[in-house]
Amino acid sequence: MKIITTSIIIVLSVATCFAQYNDPNIAKPTSGYGADGTHSVAIDSLPNPAYSGKYIYVYHPSDISTKVPTIFYNHAFGGSN
């Protein structure tokens, strides 16, 4: 029983320490890290061949027509949206 209680305390402590927090009393940054960028965003989608009825979304700058560095990120934890 002591091991289960200790495990629960550790899990709750870690979840609390690393949880995302959004305080409505603190405004969104207007410059620097966390602020909106200078480019507007376009969203393209294509059907996901592995999941019928689901789509893959690609977010990219809509006002740039030249090649830009791109990073594709897939968290792979079952998220489908």
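These are my notebook entries on what I looked up in this structure.

**Ground rules.** I am working from a predicted model, in which local features need pLDDT of at least 70 and side-chain atom pairs count only at pLDDT 80 or more, while totals for chains, interfaces and linings use all residues. I number residues from 1 along each chain as its sequence is written, and side-chain values use heavy atoms, with hydrogens and water left out.

**Confidence.** I looked up pLDDT, the predictor's confidence in each residue on a scale from 0 to 100, and found that the chain averages 80, with 78% of the residues scoring at least 70. Confidence is lowest in helix α1 (residues 2-18), where the mean is 71, and highest in β1, where the mean is 91.

**Overall layout.** I took helices (H or I, at least four residues) and strands (E, at least two) as DSSP runs, numbered from the N terminus. Of its 81 residues, 4% count as buried, where buried means under 20% relative accessible area, exposed means over 50%, and partly exposed lies in between (1.4 Å probe, protein chains only). The accessible surface, from the Shrake-Rupley method with a 1.4 Å probe, comes to about 8,100 Å², and 61% of that belongs to carbon and sulfur atoms. I also checked contacts (heavy atoms within 4.5 Å): among those between residues at least 6 apart in sequence, 10% join residues at least 24 apart.

**The nonpolar patch.** I found a nonpolar surface patch formed by Val41, Ile43, Tyr55, Tyr57 and Tyr59, with about 570 Å² of accessible area together. The elements giving two or more residues to this patch are β1 (41-47) and β2 (55-61), and β2 gives the most, with three residues. Patches are made of residues with over 30% relative accessible area and no salt bridge, with nonpolar side chains (Val, Leu, Ile, Met, Phe, Trp, Tyr) joined within 5 Å and like charges within 9 Å. I looked at tyrosine 57 in particular, which lies in strand β2 and counts as partly exposed because its relative accessibility is 42%.

**Between the strands.** Isoleucine 56 is also in strand β2, and I count isoleucine 56 as partly exposed because its relative accessibility is 34%. Leaving aside neighbours within four places in sequence, isoleucine 56 is in contact with Asp44, Ser45, Leu46, Asn48 and Pro49. Isoleucine 56 and serine 45 are eleven residues apart in sequence, yet 5.4 Å apart in space, C-alpha to C-alpha. Asparagine 48 sits in the loop between β1 and β2, and, not counting residues up to four places away, touches Lys54, Tyr55 and Ile56. A polar atom of the asparagine 48 side chain lies 2.9 Å from the backbone nitrogen of alanine 50.

**Salt bridge.** I searched for side-chain nitrogens of Lys or Arg within 4 Å of a carboxyl oxygen of Asp or Glu, and the count came to one salt bridge. Lysine 28 pairs with aspartate 36, with the closest N and O atoms 2.7 Å apart, and both residues are exposed.

Key
Polar contact = N/O pair within 3.5 Å; in protein donor to acceptor, adjacent residues only side chain to side chain.
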